[in-house]
Amino acid sequence: MSHNNQSIEALLTAVQSQTISIDSAMEQLKHYNDVGFAKVDLHRKQRQGFPEVIFGEGKDAQQIKIIIESLLTKDETILITRINKEKADEILTQYPQLAYYKTANILATPVSSIAKSYNKAAIICAGTSDLPIAEEAAITAQVMGVEIERFYDVGVSGIHRLFDQLESIRKCKVSIVIAGMEGALSSVVSGLVDHPVYAVPTSVGYGANLNGITTLLSMINSCAPGTSVLNIDNGFGGGYNAAMLINMLEKEKYSEESL
């Protein structure tokens with residue numbers, strides 16, 4: 001429940017009338033759940049608009065199950081990133097209501113069950129080798145309730161492919177551009193659209209790419225304004241930031257319509 005003044009007053013009234021116990025009220029007011037190896041944030045949705053996200057790498061399947069169970073006590077949307085198929089399959093035996101997105105390495109509440117926004121985010125990917133990061137961004141945004149449109153394999157080495165998609169890209173409210181090598185695609189896109197661009201460098205490339213460092217530095221030094229750069233291979237960060245922007249627009253749209 002949202003812990004604003006009205007909900008706290010209702011909770012205290014329920015305690016006073018003995019409708020619920022003090023222990024039950026304290027449980028509802030808890031901001032996190034200490035499960036021993038982790039303290040699961042149960043208040044993040046109220047603070048930031050979306051529940052705590054589980055980073056799958058470095059956690060075993062049992063640990064992830066315990067965190068999922070803790071989040072589900074608050075009916076939270078589940079989003080687990082960087083999780084391989086072996087761990088995902090084990091978790092799905094206990095939580096079959098979740099869905100595994102193999103290319104993105106994400107286990108989550110199915111995107112088909114989540115209402116989507118009116119405004120769209122564009123997911124723009126330079127090449128097929130960048131797809132895992134692009135899909136991580138795409139699925140993250142979808143789980144956060146954002147309508148997306150994919151524009152894949154439109155890198156600068158065949159820039160006519162990008163130009164063919166420009167009209168549709170410009171209709172979106174934010175673009176997430178995923179590229180490796182020299183990362184030029186983000187600068188090109190930023191120079192052609194009137195909305196924010198989140199650039200995600202990938203570790204795709206030959207030796208002098210330095211596992212994405214060259215791409216990162218290239219994107220940071222972009223001459224095109226309106227570009228914000230995420231960390232190397234951080235598709236999740238690109239999707240999350242874009243979703244926050246779209247969801248903010250949706251709230252403003254809803255507020256205007258309710259006046």
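In helix α5 (residues 85-94), the buried residues are Lys87, Ala88 and Ile91; buried here means under 20% relative accessible area, exposed means over 50%, and partly exposed lies in between (1.4 Å probe, protein chains only). Viewed down the axis of α5, these buried residues fall within an arc of 100°, so they line one face of the helix, the arc being taken from the directions from the helix axis to the C-beta atoms. Helices (H or I, at least four residues) and strands (E, at least two) are DSSP runs, numbered from the N terminus. The model is a predicted one, with pLDDT of at least 70 needed for local features and 80 or more for side-chain atom pairs, while totals for chains, interfaces and linings use all residues. Residues are numbered from 1 along each chain as its sequence is written, and side-chain values use heavy atoms, leaving out hydrogens and water.

Over on the other side of α5 sit Glu86 and Thr93, both exposed. Glu86 gets that label because its relative accessibility is 66%. Another glutamate, Glu76, lies in the loop between α4 (61-72) and β4 (79-81). Glu76 counts as buried because its relative accessibility is 7%. The C-alpha atoms of Glu76 and Lys45 are 8.4 Å apart, and the two residues are 31 apart along the chain.

Turning to the strands, β7 (residues 120-125) is mostly covered, with 5 of its 6 residues buried. Strand β7 runs parallel to β8 (residues 147-152), and 6 bridges join them; pairing calls for at least two DSSP bridges between two strands. Within this pair, Ile123 has Arg150 of β8 as its bridge partner. From β7 the chain passes through helix α6 (residues 131-143) to reach β8, in a right-handed β-α-β crossover, that is, one whose path from the first strand over the helix to the second runs clockwise when the strands point away from the viewer. Strand β7 is also joined by 5 bridges to β9 (residues 174-179), again in parallel, and here Ala122 is partnered with Ser175.

Ile213 belongs to helix α10 (residues 213-220) and is partly exposed, at 41% relative accessible area.
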